[in-house]
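Please keep the sequence and the coordinates at hand while reading.

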Amino acid sequence: MKIAIANDVAMAAEALRRVVASTQEHQVLWIARTGLEAVRMCEGNRPDLILMDLNMPEMDGVEATRLIMEQSPCAILVVTGRPQDNVNQVFRALGAGALDVTATPVLQGEVGGDSELLAKIKTIGKLIRHSTEPSPPRQIQASGERGDGQVSTLVAIGASTGGPSAVAKVLSGWTAPPGCAIVVVQHIDETFASHFAKWLDDQLSMPVRVIAEGDELVPGTVLIAKTNDHLLLDQNYRLGYDAAPREYVYRPSVDVFFNCVAQHWRGDAIGVLLTGMGRDGGEGLLAMRRAGKTTIAQDQASSAVYGMPRAAAELDAAQHILPLDRIGASLRSRLGAKLNNGWEPSPNI
C-alpha cells in the first residue's frame, strides 16, 4: 500500500517511516508536519492509508480527518502517543471517519509496538480489498414468534467507520421503553472497546456497558461488543464470543450477530446498519428482514463512508433507508407504536 504519515514530531514521524519501510508490501508516499499540510497533500497525491496523529499545529488530526474524508477520502489510522489519555479526541476522529487507533511505537514504551502497528496496517489493507467484494452467503432459518419474557424487543445496531458518533446520535436524547434491549456491534479494537462504552455512556441518558461472556440481554441498557472475536446470541438468548469464522476480516462482525438475531431471536427486533467501510452487515440485515424483523440502513449523504449501508441497499436488505438524523426518531416511533398499537409503525417514518 501507499502510506502517508501526518505527524509534527520528527522522532515519531521517522519511527513510523522506518516501520513502513521495513516491509516490502508498503511504501511511504509522503510525510506531513501539520493537519493542514496533510489535507493539501492528500488532494494532490492521495495515499491508500494515512497514519494520522491527533495533536498537530495549524489543524489537529480530528479536523484533518474530517476534511480528508469529505474532499479526498481514504483509509485513516489514528497513530498517537497514549491514545487512552485522549479518549474524546480519539472518538471524535473515529466519528469523522478514521478506521482505528493505535499508539505511536516510539512513544508507547512497550515491546511489540512495531508489530502492533503493522498488524493494524495489514488489517486495514484487507478491509480496503474486501470493500467491494460480496460477503459470503449464510443460510438462516427463521424462528417462531416468542419473545424472551423480560426483553420482548431487541434493537441491534452495527457500525464501522464513523460509527461512534453515529451511534451516539441515533441513541441520544431518549430512553428505551420497557422490555427493549439494545446491542451495538462497532468495529473497534478490543483494547479500546471499554473506552468506547465509557465515552458512549457519557453521551447518553441510558446506561452503557460492555458484554461479558454469558451475559443476558438487559432492558433499557446499551450493550457493547468488547472483543475482537464475534458476538453471538444463542437459542437461550445468552450472549457470548467466538473466534470463528477466523478468516473473516471484520471483527467483531456485524453479519455474525445479525444472523444470530435472525436465527434465534423470536421476539420483535429492529436491525440498524450505520456508516462503515466494507460490506459487513449487509447479509446479516437481509437475514433479519427475511426473518420478519424491521431493518433500517443509513443513507449515502449522511454516511462518513457509504460501504456497509451500500451493501445492504444493493441486497435490498433495508426496508427503510434514512439519513442519520432521522434514524433515532424512526426507532422511537416504531418502539412507541409497538407498545401502543401492536407494532404498527407510523406511515410517515
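Which residue with a positive phi follows α10? That residue is Gly292, whose phi is near 90°. The model is a predicted one, in which local features need pLDDT of at least 70 and side-chain atom pairs count only at pLDDT 80 or more, whereas totals for chains, interfaces and linings use all residues. Residues are numbered from 1 along each chain as its sequence is written, and side-chain values use heavy atoms, with hydrogens and water left out.

Helix α10 itself spans residues 282-290; helices (H or I, at least four residues) and strands (E, at least two) are DSSP runs numbered from the N terminus. The helix is mostly covered, as seven of its nine residues are buried, where buried means under 20% relative accessible area, exposed over 50% and partly exposed in between (1.4 Å probe, protein chains only). The buried residues are Gly282, Glu283, Gly284, Leu285, Leu286, Ala287 and Met288. They pack against α9 (254-264), β12 (268-273), β13 (294-298) and α11 (308-314), a contact being heavy atoms within 4.5 Å.

The axes of α9 and α10 are 7 Å apart and form an angle of about 10°; axes are lines fitted to C-alpha atoms, for helices over the stretch in contact, and angles run from 0 to 180 degrees between N-to-C directions. The two helices α9 and α10 are therefore roughly parallel to each other, given that angles under 35 degrees count as roughly parallel, over 145 as roughly antiparallel, 65 to 115 as roughly perpendicular and the rest as oblique. On the α9 side the contact involves Asp255, Phe258, Asn259, Val261 and Ala262, and on the α10 side Gly282, Glu283, Gly284, Leu285, Ala287 and Met288. These residues divide into six nonpolar, three polar and two charged; Ala, Val, Leu, Ile, Met, Phe, Trp, Tyr, Cys and Pro count as nonpolar, Asp, Glu, Lys and Arg as charged, and the others, Gly among them, as polar.

On a 1 Å grid over the protein atoms alone, a pocket is an open set of points where a 1.4 Å probe fits, with protein on both sides within 12 Å along at least five of seven lines, and lining residues have an atom within 4 Å of a point. Among the 34 lining residues, Asp100, Val101, Lys120, Asp189 and Asn228 are the closest to the centre. The lining comprises 14 nonpolar, ten polar and ten charged residues.

Two loop residues complete the account. Thr221, between β8 (208-210) and β9 (222-224), is buried at 9% relative accessible area. Gln300, in the loop between β13 and α11, is partly exposed at 47%. Leaving aside neighbours within four places in sequence, Gln300 is in contact with Tyr306 and Arg310.
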